[in-house]
Each structure stands twice: as C-alpha cells, then as structure tokens.
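Please look over the sequence and the model displayed below, and keep both in view while reading.

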Amino acid sequence: MLYALLGIEFVLRLCVEIRERRITQLRGGVFAVLRLIPLVNDIVPLPESRAVAEGAGSTETAGSTGNAFEKMHEQGHKFHHHAILRNLFKIILLLLAVWLLVGLPVRTGMPLWQAVLWLHLAAVPFRVIFHLYCWNQEYEADRYAFDKTDRKVAKHAMRALAETEIPYTKLFAVLYREHPTASSRSYRLLHKEIKA
C-alpha cells in the first residue's frame, strides 16, 4: 500500500506540474523534476520572486524600501503575534511528526525507512493546512496595513508585488508556498485581482 500511495503522489504531483506549466507558460527547470521525487519535494525550495529566481536578491514587493504598505503589513504581523503563532504551529506539527516517526516502528515493528516514507505521506495534508494558516496570517496583515494606509497605497503595493512575484496558480501555491499569490491577496483586500 505504501508504494501505491507513493505512486499516486508522484502522478498527482506530475499532473500539478503539467497544469502549472500550461497555465503560467513558465519553465519548471530542475526544481520541477525535484518536486516529483518523494522526500526530496519536502525540502526543495520554491523561488517566490523573479529577483530570487534570477539570482538578484529578494524583496517581497518592488521598491520595498520606504513602502508604507509593506511597513504596515510587517507591523500587522507583530500586532497579531503571527511569528509566535506560526512557530507554535510548527512545533505542534514537529511533535506530531516525531510521535509518528517513533510510534510506527515501536507499535508495528516497521523499519525506520518505511516510517519515514509514511511520515512523508502524512505530512502532505498537514503542510497544506499549515500553508492555509500562513495565508490567513498574510491576509490579516494585509487588512491591518490597508486599515492603516488607504486603498491607493494598497493597490500600488499589490501591483508591485504582482510585478516581482513568479505567477504561480493558487493550487500550486497552496501546495508549495507559505505566502498566497499576489492575485489572491489583491482580490481578498481590494475585491479585484491585480496581475503583472
């Protein structure tokens, strides 16, 4: 059953990669291949901005220096204690992972390598839940920044973000990213999608 589930995971990830390439018309490169391999896809980083993908450094939004919206966004994270809550969530997930990794071999006599593969499969839905939790924090920080600035500043910030961000689809982003797409953020905040 373990091998069947790993095979299903491989096929589903392949379908997601093909769908992503067709919709965005972007090359996947070596990262796309690595994301298909079980266990490796747990650690392969996903570039979030074009600057990072091109090796020019990272900024969350274009012209982030002095950007009032971004400053208020970060202040919103602090105001809502997002870093502490996110780390607490990570600790809970880590404890569950350790419990599963130790519990399976002890209770069933399963070899450690099989327990690691089961942990990998169990981590997939928990990772999606964690990403959605992080997305909610980003939306909350965006709302805080919007309330402290105005619609024009927010619209400019969302446009700048859309211009620097690699345009992933929402499905792809929820599987691999802790930040929602610029189009999701702008739709949630301004009730319209802003694209690059």
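Helices here are DSSP runs of H or I with at least four residues, strands are runs of E with at least two, and both are numbered from the N terminus. The model is a predicted one, in which local features need pLDDT of at least 70 and side-chain atom pairs count only at pLDDT 80 or more, while totals for chains, interfaces and linings use all residues. Residues are numbered from 1 along each chain as its sequence is written, and side-chain values use heavy atoms, with hydrogens and water left out.

By these criteria the protein chain contains 9 helices and 0 strands, so that its elements, read from the N terminus, run α-α-α-α-α-α-α-α-α. Of the 196 residues, 39% are buried, where buried means under 20% relative accessible area, exposed means over 50%, and partly exposed covers what lies in between (1.4 Å probe, protein chains only). If one takes the contacts (heavy atoms within 4.5 Å) with a separation of 6 or more, 73% of them join residues 24 or more positions apart.

The chain exposes about 11,400 Å², and carbon and sulfur atoms supply 67% of that area; accessible areas come from the Shrake-Rupley method with a 1.4 Å probe, and for residues only the protein chains shown count as cover. On this surface, Leu-85, Leu-88, Ile-92, Leu-96, Trp-99, Phe-126 and Ile-129 make a nonpolar patch of about 690 Å². Patches are built from residues with over 30% relative accessible area and no salt bridge, with nonpolar side chains (Val, Leu, Ile, Met, Phe, Trp, Tyr) joined within 5 Å and like charges within 9 Å; a salt bridge is a side-chain nitrogen of Lys or Arg within 4 Å of a carboxyl oxygen of Asp or Glu. Helix H5 (82–108) and helix H6 (112–148) each supply at least two residues of the patch, and the largest share, 5 residues, comes from H5. Phe-126 lies in H6 and counts as partly exposed because its relative accessibility is 40%.

Turning to the aromatic residues, a search of the whole structure finds 5 aromatic pairs, a pair being rings of Phe, Tyr or Trp (its six-membered ring) with centres within 6.5 Å, called stacked if the planes are under 30 degrees apart, edge-to-face if over 60, and tilted otherwise. Ring pairs link Phe-89, Phe-130 and Tyr-133 into a cluster.

The covered parts of the chain include helix H9 (residues 182–190), in which 7 of the 9 residues are buried. These are Ala-182, Ser-183, Ser-184, Arg-185, Ser-186, Leu-189 and Leu-190, and they pack against helix H4 (68–79), H6, helix H7 (151–164) and helix H8 (170–176). Just after H9, His-191 takes a positive phi of about 65°.

Within H7 one finds Ala-154, which is buried because its relative accessible area is 0%. Not counting residues up to four places away in sequence, Ala-154 touches Phe-69, Phe-146, Leu-189 and Leu-190. Ala-32, in helix H2 (residues 29–36), is buried too, with a relative accessible area of 12%.
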